[in-house]
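This report describes how the parts of one protein chain are arranged and how they contact one another. The sequence and the structure are shown first, and the description follows.

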Amino acid sequence: MRAAGSLLLLFGQHLTHIITLTTGHLDHQDGHQTIRLDSTPIRLPQPLATLLTRLVDQQPRQGWSGNTPSTWLFPGTRPGTHRSARSLARALTGHGIPIRASRATALVQLAEEMPPAVLAPLLGLHVITALQWRRRAATDWTAYLQARQRGLGDR
């Protein structure tokens, strides 16, 4: 539950996307755990990396057939299926995490920190959607572009 809530709160992912994540979305690069929400791997902060590693290492639920190994990070109640978005939403709401407000807050925060062209491939958003979140954040990107240009000039 904490892992799913963290993915919502940190990356503003739809619950329908969170529940369909598999062990294949996780990887190790340069000694750090990463998750791929779209085409670009994202380095995970340590507490979340540990939570997701524990999910992968968990044994199958009792009574499940050994012939159907689950690759879902959030397996459902039936073998081979992922958890439903509705049950995840109920559980998160029960823990005091409002779904829409949490997702909006995360996306506005991320849109403040990076331009839409960077945000979209990280989170699996369409560039226009990322641009709309940027407009909500009402951020000026000239400082980011100047810093980026200086960084590229150092190479």
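A residue is termed buried here when its relative accessible area is under 20%. The model is a predicted one. Thr22 has a relative accessible area of 17% and is therefore buried. Thr22 belongs to the loop that runs between α2 (15-18) and β1 (26-29). Leaving aside residues up to four places away in sequence, Thr22 touches Thr71, Trp72 and Leu73.

Ala91 is part of helix α4. Its relative accessibility is 19%, so Ala91 also falls under the cut-off and counts as buried. With residues up to four places away in sequence not counted, the contacts of Ala91 are Met1 and Arg83. Ala91 and Gly5 stand 86 residues apart in sequence, and their C-alpha atoms are 9.5 Å apart in space.

**The sheet**

An open sheet is formed by 3 strands in the order β1-β2-β3, with antiparallel pairing. Its edge strands are β1 and β3 (41-43), each of which pairs on one side only. From one strand to the next, the twist averages 40 degrees. In general, the strands of a sheet pair through backbone hydrogen bonds, in either a parallel or an antiparallel manner.

β1 and β2 run antiparallel and are joined by 4 bridges. Within this pair, Gln29 stands opposite His32 in β2. The two strands β1 and β2 make a hairpin with 2 residues between them, and Asp30 in the turn has a positive phi of about 55 degrees.

Strand β2 (residues 32-36) pairs with β3 in the antiparallel sense over 3 bridges. Arg36 is placed opposite Pro41 in β3, and Thr34 is placed opposite Arg43 in β3. β2 and β3 likewise form a hairpin, with 4 residues between them.

**Helix packing**

| Helix pair | Axes come within | Crossing angle |
|---|---|---|
| α1 (residues 2-11) and α5 (residues 99-113) | 6 Å | roughly 45 degrees |
| α5 and α7 (residues 127-137) | 8 Å | roughly 85 degrees |

With the angle given for the pair, α1 and α5 are therefore oblique to each other. On the α1 side, this contact is made by Leu8, Leu9, Leu10 and Phe11, and on the α5 side by Ile99, Ser102, Arg103, Ala106, Leu107 and Leu110. By class, the contact of α1 with α5 comprises 8 nonpolar, 1 polar and 1 charged residues.

The contact of α5 with α7 has 6 nonpolar residues, no polar residues and 4 charged residues.

In soluble globular proteins, nonpolar side chains tend to be buried together. In this model, the largest nonpolar core has 36 residues, and those with the most contacts inside it are Ile35, Leu52 and Leu123. At least two residues of this core are supplied by each of α1, α2, α3 (46-57), α4 (85-94), α5, α6 (116-123) and α7.

Leu123 is one of the buried residues of α6, together with Pro116, Leu119, Ala120 and Leu122. These buried residues of α6 pack against α1, β3, α5 and α7. Not counting residues up to four places away in sequence, Leu123 touches Phe11, Gln13, Leu37, Asp38, Ile42, Leu107 and Leu110. After α6 comes Gly124, whose phi is positive, near 80 degrees.

Notes:
Residues are numbered from 1 along each chain as its sequence is written. This is a predicted model: local features need pLDDT of at least 70, side-chain atom pairs count only at pLDDT 80 or more; totals for chains, interfaces and linings use all residues. Side-chain values use heavy atoms; hydrogens and water are left out. Axes are lines fitted to C-alpha atoms, for helices over the stretch in contact, and angles run from 0 to 180 degrees between N-to-C directions. Angles under 35 degrees count as roughly parallel, over 145 as roughly antiparallel, 65 to 115 as roughly perpendicular and the rest as oblique. Contact means heavy atoms within 4.5 Å. Ala, Val, Leu, Ile, Met, Phe, Trp, Tyr, Cys and Pro count as nonpolar, Asp, Glu, Lys and Arg as charged, and the others, Gly among them, as polar. Buried means under 20% relative accessible area, exposed over 50%, partly exposed in between (1.4 Å probe, protein chains only). A nonpolar core is a set of buried Ala, Val, Leu, Ile, Met, Phe, Trp, Tyr and Cys residues joined through side-chain atoms within 4.5 Å. Two strands pair if DSSP finds at least two bridges between them.
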